[in-house]
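I opened a new model today and kept notes as I went. Here is what I looked up, roughly in the order I got curious.

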Amino acid sequence: MPWHRARLVVNLVNGSTIFGVVVARAGGARLAKGPQGLLTATGYRPAVPVAPAFTVGNVIIVNRRHPQPLSAATFAHEARHATQYAWCGGLLMLPLYFIAVGVSWALCGNIGAWNPFERQSGLADGGYPQRPLRPALARALSVPRPIARRSPAASPGSPPAPGPGGPAESTASPSR
Ligand SMILES: [Zn+2]
């Protein structure tokens with residue numbers, strides 16, 4: 001059995017695809033068969049979520065405010081989310097996903113950048129940026145390193161500030 005047929009069956013049995021159809025229909029979207037056993041639901045009206053597309057089970061739901069059709073990269077990203085539903089046992093994915101959203105936000109201020117579901121689905125394909133950890137967190141987690149010793153010349157106040165002539169034309173240059 002091809003893997004996407006297995007995903008189709010698993011997400012049907014665990015109820016996530018049926019829930020996806022209900023969400024899509026409730027949002028006024030129109031369902032159509034897509035590749036890889038997925039359904040696409042276009043014209044979803046509610047303002048939330050703001051993402052161009054989101055996935056529930058095997059249903060990729062596309063917001064009506066966003067251009068059609070989905071790019072190949074976005075489709076591939078959403079298809080990976082459908083596979084995640086199968087691995088998570090269906091709708092258990094939703095609370096896990098929202099926890100991951102909160103963790104990512106706490107770590108870096110972005111809901112996707114450190115969210116393992118989005119990272120595994122491809123951040124760039126999903127339109128998420130790469131974000132470093134929040135600076136305080138990065139400092140707290142970093143291995144303590146010996147503090148580089150400053151040379152005396154670099155300490156504040158000791159070298160005279162360059163004058164208006166600028167340092168490049170300094171008279172201290174030995175070649176002149
Ligand atoms: Zn995503």
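This is a predicted model: local features need pLDDT of at least 70, side-chain atom pairs count only at pLDDT 80 or more; totals for chains, interfaces and linings use all residues.

I picked Ile 60 and skipped its neighbours within four places in sequence. Its contacts are then Gly 34, Leu 38, Thr 40, Ala 41, Ala 53, Thr 55 and Glu 78.

**Sheet.** Which order do the strands take in the sheet? I read off β1-β2-β4-β3, an open sheet of four strands with mixed pairing. The edges are β1 (30–33) and β3 (53–56); each has a single partner strand, so one side of each is left without a neighbour in the sheet. From one strand to the next, the twist averages 25°.

I then zoomed in on β3 and β4. Strand β4 covers residues 59–63 and pairs with β3 in the antiparallel sense, over four bridges. I noted two of the facing pairs: Ala 53 sits opposite Val 62 in β4, and Val 56 has Val 59 in β4 as its bridge partner. The two strands make a hairpin with two residues between them. In the turn I found Gly 57, with a positive phi of about 60°.

**Helices on the sheet.** I looked for what lies against the strands. Helix α2 (residues 16–26) lies across β1, β2 (39–44), β3 and β4, and runs at about 20° to β4. Helix α3 (residues 72–87) also packs on the sheet, where it touches β3 and β4. Its direction makes about 25° with that of β3.

Last, I jumped to Gly 112, which I found in the loop between α4 (93–108) and α5 (116–121). Is Gly 112 buried or exposed? I counted 22 other C-beta atoms within 10 Å, and the cut-off for buried is 20 or more, so Gly 112 is buried. Leaving aside neighbours within four places in sequence, its contacts are Ser 104, Glu 118, Leu 123, Gly 126 and Tyr 128. For one of these, Leu 123, I also wrote down the spacing: Gly 112 and Leu 123 are eleven residues apart in sequence, and 7.3 Å apart from C-alpha to C-alpha.

How values were computed
Residues are numbered from 1 along each chain as its sequence is written. Two strands pair if DSSP finds at least two bridges between them. Axes are lines fitted to C-alpha atoms, for helices over the stretch in contact, and angles run from 0 to 180 degrees between N-to-C directions. Two residues are in contact if their C-beta atoms, placed from the backbone, lie within 7 Å. A residue is buried if 20 or more other C-beta atoms lie within 10 Å of its own, exposed if 12 or fewer, and partly exposed in between; C-beta atoms are placed from the backbone.
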